[in-house]
Amino acid sequence: MTPTSWSRHRLRSGDDFRAVTRRGVRSARSHVVVHLALLPQAPEAPRVGFVVSKKVGNSVVRHRITRRLRELVRAHLDAFPAGSTAVIRALPGAEQLPFADLEDEVTGALGSAVRKLERRGTPSGAPR
RNA sequence: CCAGUCGGCCGGACAGUCGCGUCCCCGCCCGUCAGGGCAGGGGUCGAGGAAAGUCCGGGCUCCACCUGGCACGGUGGUGGGUAACACCCACCCGGAGCGAUCCGCGGGACAGUGCCACAGAGAGCAGACCGCCUCCCUCACCUGCGGGUGCGGGCGGUAAGGGUGAAAGGGUGGUGUAAGAGACCACCGCGGUCCCGGUGACGGGACCGGCACGGUAAACCCCACCGGGAGCAAGGUCGGACAGGGGACGUCAGAGGGUGCCAGCCCGAGUCCCCGGGUGGACCGCUGGAGGUCGUCGGCAACGGCGAUCCGAGAUGGAUGACUGUCGAGAACAGAACCCGGCUUACAGGUCGGCUGGUCCC
RNA sequence: CGCUCCGUAGCUCAGCCCGGUAGAGCAGCUCCCCCAUAAGGAGUGGGUCGCAGGUUCGAAUCCUGCCGGAGCGU
């Protein structure tokens, strides 16, 4: 894998977050939820966004979880289908998890989300 | 050494690999130039003592620029420090402690108003329930014929004692008295005048008064001093998109505004409301400052003057993570968003120093 | 960034301005009525007044600081 800039894979707009969490498939583990969707007009490179709400902890805890998630997503970028968009949401208690366990939860949830997406067949996000 | 008290400092360190943000250099790409872009390489720097809560004070920016009175809010011993403060330092007073030291919203209750429940006789120009005492009346008893004692009743005196209460109109001791009482005396307290010390809060002394004037102002209030409003989403530059319609008031005899009201002064040709539509980009502000360190001088200190030296974040969906190794070892609270000075609150562990009390040794 | 409001019984709220007794409705429990249930009637328990300091003789109430929860403006 050629070195790439992380900023190409970032998800920023609130509209994109809403589109993925509403139309995409969802797969959960005990401390993490993965939403995945194939949106129209999406670029070839997969994009990922994070949601860590205030219920998870204070600012330090939320930042630490976001950094860990970003780090392990960067290591597993090739696990995301081309052209897909993902949102990973952390649940309360995630800061207690060792990094390796968090990695298992995210990759496991991502795997089942990909299978769900393939079973659905047609690209989701089609207009109603 | 033990116990205590006050203050300062640290807030895991080092090394390696991968990864992120700012800035600089190189490289590559676009462009006629100006310049712009990048996924490559190298270097530099990269959260806190509270970055927090947003409780005060300022800087900065804008508001047609800001005066006076009222209202509202804040501050509240004195003197300093400071850009300023509700902060800091020193001192005074009161309280706690053997002490070092700590705590105090610490002006005014003879400008006025209000409140002081329950209990209690009486609670604000107070008051006689029990008690104590003089005198008078009835009755009984004793008698040395002057009177005395006792039960009951009455007119009074009395704030020493009991009892109520947070608080009962100076305290303690004596003189005095029928019993009592600042009625009188001593000391203490209180008030006044004068003298001395101090910049001052205040302290000390002498004399006089002779007790009159309870508490509450974090109750209304009075006094002194302070406060124009909004906030970096301030404000500005560039670029882009769209669609306009209706109503109210007004254009110098002037709507409206100067963020409470009135007056003064000033600005002034547009202002406000409703329906509908569009944008929601980039850049500046943006970090070099009441800055840190060291020396020296002034000051009890807070702090200030001078000189030298250093540059220590600047994001914009918001940068610090992953793995490994070593070390008196897995440790706390916690993440900048315009900046600074404070306050308050949270906090594992460690470390240094001053002082106090006790014990032991020389 | 700038503000506002609210924490009182299991639940929904009074009481706070102007300090002395904490109260209402529903719910709960006991009894009556009824063959039985609901309804109705009578009675009854239950509150660190969010937390901690302070002012006062005395604080749910006044002051200060925290904690938690809603909401508004830009």
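View 1. P92 is found in the loop between strand 4 (85-90) and helix 3. Helices (H or I, at least four residues) and strands (E, at least two) are DSSP runs, numbered from the N terminus. The model is predicted: local features need pLDDT of at least 70 and side-chain atom pairs count only at pLDDT 80 or more, while totals for chains, interfaces and linings use all residues. Residues are numbered from 1 along each chain as its sequence is written, chains are lettered from A and ligands numbered from 1 in the order in which they are written, and side-chain values use heavy atoms, with hydrogens and water left out. Not counting residues up to four places away in sequence, P92 touches H31, K55 and V56; contact means heavy atoms within 4.5 Å.

**View 2. The overall fold of chain A.** Chain A has three helices and four strands, and they follow the pattern α-β-β-β-α-β-α along the sequence. Of the contacts between residues at least 6 apart in sequence, 80% join residues at least 24 apart. Of the 128 residues in chain A, 41% are buried. Buried means under 20% relative accessible area, exposed over 50%, and partly exposed in between (1.4 Å probe, protein chains only). The accessible surface comes to about 7,500 Å², and carbon and sulfur atoms account for 50% of that area. Accessible areas come from the Shrake-Rupley method with a 1.4 Å probe; for residues, only the protein chains shown count as cover.

View 3. The side chains of R74 and E71 meet in a salt bridge, with 3.2 Å from N to O. A salt bridge is a side-chain nitrogen of Lys or Arg within 4 Å of a carboxyl oxygen of Asp or Glu, and by this rule the count comes to one. Side chains of opposite charge can pair when their charged atoms come close. Both residues lie in helix 2 (residues 59-75), three residues apart, about one turn of the helix. R74 is partly exposed at 46% relative accessible area, and E71 is also partly exposed, at 38%.

**View 4. A positive patch on the surface.** R26, R29, R115, K116 and R119 gather in a surface patch of positive charge. Such a patch is made of residues with over 30% relative accessible area and no salt bridge, with like charges joined within 9 Å (nonpolar side chains, Val, Leu, Ile, Met, Phe, Trp and Tyr, are joined within 5 Å). Lys and Arg count as positive and Asp and Glu as negative, while His and the chain ends are not counted. The place of a charge is taken as NZ of Lys, CZ of Arg, CG of Asp or CD of Glu. Helix 3 (residues 99-120) gives the largest share of the patch, three residues. R26 lies in strand 1 (residues 25-28) and counts as exposed, because its relative accessibility is 53%.

**View 5. S112 in helix 3.** S112 is found in helix 3 and is buried, with a relative accessible area of 13%. Leaving aside neighbours within four places in sequence, S112 is in contact with S27 and R29. R29 is also one of the residues in the positive patch.

**View 6. R10 before helix 1.** R10 has its place in the segment before helix 1 (14-23). R10 counts as partly exposed at 39% relative accessibility. Its contacts, apart from neighbours within four places in sequence, are with R47 and V48.
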